[in-house]
2 protein chains.
Amino acid sequence: MTMPSIYETLNSQLGPGIVYEGSDASKARHLHDFMYTMPAGTTPGAIAIPKTVEQLSTIMRLCHENGQPVTPQGGLTGLVAGSLPDPGGVALSLERMRAVIEIDPAAATMIVEAGAPLETVQNAADEAGFLFPLDLGARGSASIGGNASTNAGGNRVLRYGMMRDLVLGMEVVLANGTIVTSLNKMLKNNAGYDLKHLFMGSEGTLGIITKLVLRLFPKPQSACTAFCAVNSYADAMNLLGRARKDLAGTLSAFEVMWPSFYELAQNAITNLPLAGGHPLYVLLDALGSDQDTDQVRFQGMMERALEDGIVVDAVIAQSGKESTAIWGVRDCVGEFPRLFGPAATFDISIPTGKIAEFVADCDARLAAKIKKSRTVWFGHVADSNLHLMAAYDDASKELAEQIVYEAVREWDGSISAEHGIGTLKKPYLSYSRSPEELEVMRTLKAALDPRGILNPGKVIN
Amino acid sequence: MTMPSIYETLNSQLGPGIVYEGSDASKARHLHDFMYTMPAGTTPGAIAIPKTVEQLSTIMRLCHENGQPVTPQGGLTGLVAGSLPDPGGVALSLERMRAVIEIDPAAATMIVEAGAPLETVQNAADEAGFLFPLDLGARGSASIGGNASTNAGGNRVLRYGMMRDLVLGMEVVLANGTIVTSLNKMLKNNAGYDLKHLFMGSEGTLGIITKLVLRLFPKPQSACTAFCAVNSYADAMNLLGRARKDLAGTLSAFEVMWPSFYELAQNAITNLPLAGGHPLYVLLDALGSDQDTDQVRFQGMMERALEDGIVVDAVIAQSGKESTAIWGVRDCVGEFPRLFGPAATFDISIPTGKIAEFVADCDARLAAKIKKSRTVWFGHVADSNLHLMAAYDDASKELAEQIVYEAVREWDGSISAEHGIGTLKKPYLSYSRSPEELEVMRTLKAALDPRGILNPGKVIN
């Protein structure tokens, strides 16, 4: 008698239409994510797509009993190969668990299944008269559960926080199938350990998030946007300090672009808001409650900055159309891979005050080891978050990564600001975490997933 | 040969002036907190007051080796008996570790030792041109480490969040003495599990916080305050929705007081802002950037609420002095124990939309079982947080607690909003947490403190 395969084991318990063979061509999309694919010739042992948390719990219980690796999958839009299944392992997709379960206007909360796309959540909030503020380019596909398990960021972190800050409660299925229901709707709740934080940002290695209680916000009634040039990073910091103070809680984006960014943007956009040739560019955005008074306040702040020489040139949007055009400069990064050529790309954090020095140092390090080194820098610097494209010419991508992550290590930065660790950044995790921190992570992993079946090969395990 | 006592063990390793005998009269303050004291005739086995994290680590290592219970102590201002030492155990005070180590204006962060009083932190931020927004009555004594380990709240949670939201990084000493340094200063950092959240709100049962990286904010440039009367809780919710929307991120307090509160306040304050007799009172506070324009916006919002009948009477502060007088109404609770007589007091959370019904139901339950039942209700309702004083007449405090916590359980509330669990609320933890949640908490406790020496008897262990 031969042992049943994991497909057979799961399928016999779950019934038809839930579990598929790993070689099933109709489910081939579960073998790759937005950027990466499973090794050639390999497939998962099974692809499970449950419709209910009870089915998902059964799948986990069976996999736990069989020591069977499981990789949870959301919208497959990650950038660090965090949802590629193990060859022979189980791909566990949340795509059929996507209901918006409840919106509570008084509590300003939404309960949603983890497989719902971010855009579905945004639209449901909008229809109920609220804003769900998390936003990122992959909104149409990225699942809200994936956003939580990677602690997603985006363009409005300054005003509303990371995904972690937008979650009040959750339901999670542990490695052994236990359903832990913690659908808290209260802002203040100090009844024992706050378990939800364990599962956010741990990329499916400690449990599988199946439902979320999200915080909703009033819709902003105004948006003020400016694009400006400054002479130095110190002036950008000065402008940030003024914007934080004078715009009292409404500043929602402070995006800095280095000259190489602006030069490349000239190839993507016909009418850039400002002439080139400046040392640094800043996009500011504020979301408020009254367009007329907010615009006066915003323009006043910008005018004082111009008078004081902190800002040397500026365009302030006078309409939604102009605001969209300004954001187009920042968002034209989608064109950059085509314009820039092959590059190593980075999502890193450096303490805000040290960013300018770090950029200079990192450029020097790259130039010293890579012929014709070219870089493009931009980032949500008020959140400490920098993005970098580095051309590696005839050197290797790995060399570029080694150089940049080594610099991040020496500058006390983080090798991952908002994309997570997944598979790709795992070799560098010790650059941003001490041996003691890694040991605590391993302790937690061993305690919550003693058989090591949850998303093996990712983050730390 | 007799075994050395824990005092002897620690003292011989730490040297003079760090460890004291439990019976040392000069250290008797470590035998009790703000409200409770150790059982009569009992003392700790030793009182340790290290000056450095290395000394603290040595103390933990020795206690771990000896299976010796340790209770960390901050400012001893807790309200749930969370820092009372075990008889024969070690009281470990952080009171000598109180340095402000660094303020980074560009990152808007402060690094501080955990024993520093909250007021020291507030003042250091103020002198550097920033606001550290956490604030509560015990600011002069409460330590910032205690604030973190209990995830403290207070009056500005609506604008700035709980203590958990104000911490970017920490240094923590584990049960076995391992020093875990995680002094992150970056808003975005997704390099592996975010360990700090484990130690916040776990009341010293998983590790001892020794340093904190705190977020600083620009000082508000304006404050607008109003006290008003509304005809129903539904109108209060309507007002909250408008204030959230129209004051765009500046609303910092929304305090609701029930009529019994206002009647009692009449005995504490000579000139109350409004006549009595209304069904509900609301204090609103907004912290902004420009007094003139913010006052116009605030008054406009209040005037529209009056015109629309949402608010039936209101006073808007026209000066800092008037604002202070309005806050005096909310803050006169300090006088209430004297005016009200013996009472069971509560710090609970109920989902915001259900609070009015909960209050009515809870009053009915108390009246059904306690003769001459009297209650005073007030709270930060936008945070879901309710406070209650319940006179128990010739019944017992325990009966009042049983009735109220039973109601909290049935209304899906939390038995602790901002005071923690400590010893006092431990019997009721299962009222707000499921068996599965408690099991995960125990798993974490066993993983991080396998010998169960950290603050035994508190929260869950």
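First the superposition: copies are laid on each other by least squares on the C-alpha atoms of residues with pLDDT of at least 70 in both. I'm working on a predicted model, where local features need pLDDT of at least 70, side-chain atom pairs count only at pLDDT 80 or more, and totals for chains, interfaces and linings use all residues. Residues are numbered from 1 along each chain as its sequence is written.

**Symmetry.** I get chain A onto chain B with a turn of 180 degrees and a shift of 0.0 Å along the axis, at an RMSD of 0.0 Å. That is the relation of a two-fold axis. In chain A, A:Gly249 comes closest to that axis, its C-alpha at 2.7 Å.

**Cavities.** My search ran on a 1 Å grid over the protein atoms alone; a cavity is a set of points where a 1.4 Å probe fits but cannot get out, and lining residues have an atom within 4 Å of a point. I joined points across faces, edges and corners, and a volume is the space filled by probe spheres set on the points. The structure has 8 cavities of 30 Å³ or more.

**Largest one.** I find both chains in its lining, including A:Tyr193, A:His197, B:Tyr193 and B:His197.

Of its 15 lining residues, B:Leu247, B:Thr250, B:Gly288, B:Asp294 and B:Arg297 lie nearest the centre.

Key
Chains lettered and ligands numbered in written order. Heavy atoms only, no water. 1 Å grid on protein atoms, 1.4 Å probe; cavity = no way out; pocket = protein on both sides within 12 Å on 5 of 7 lines; lining within 4 Å.
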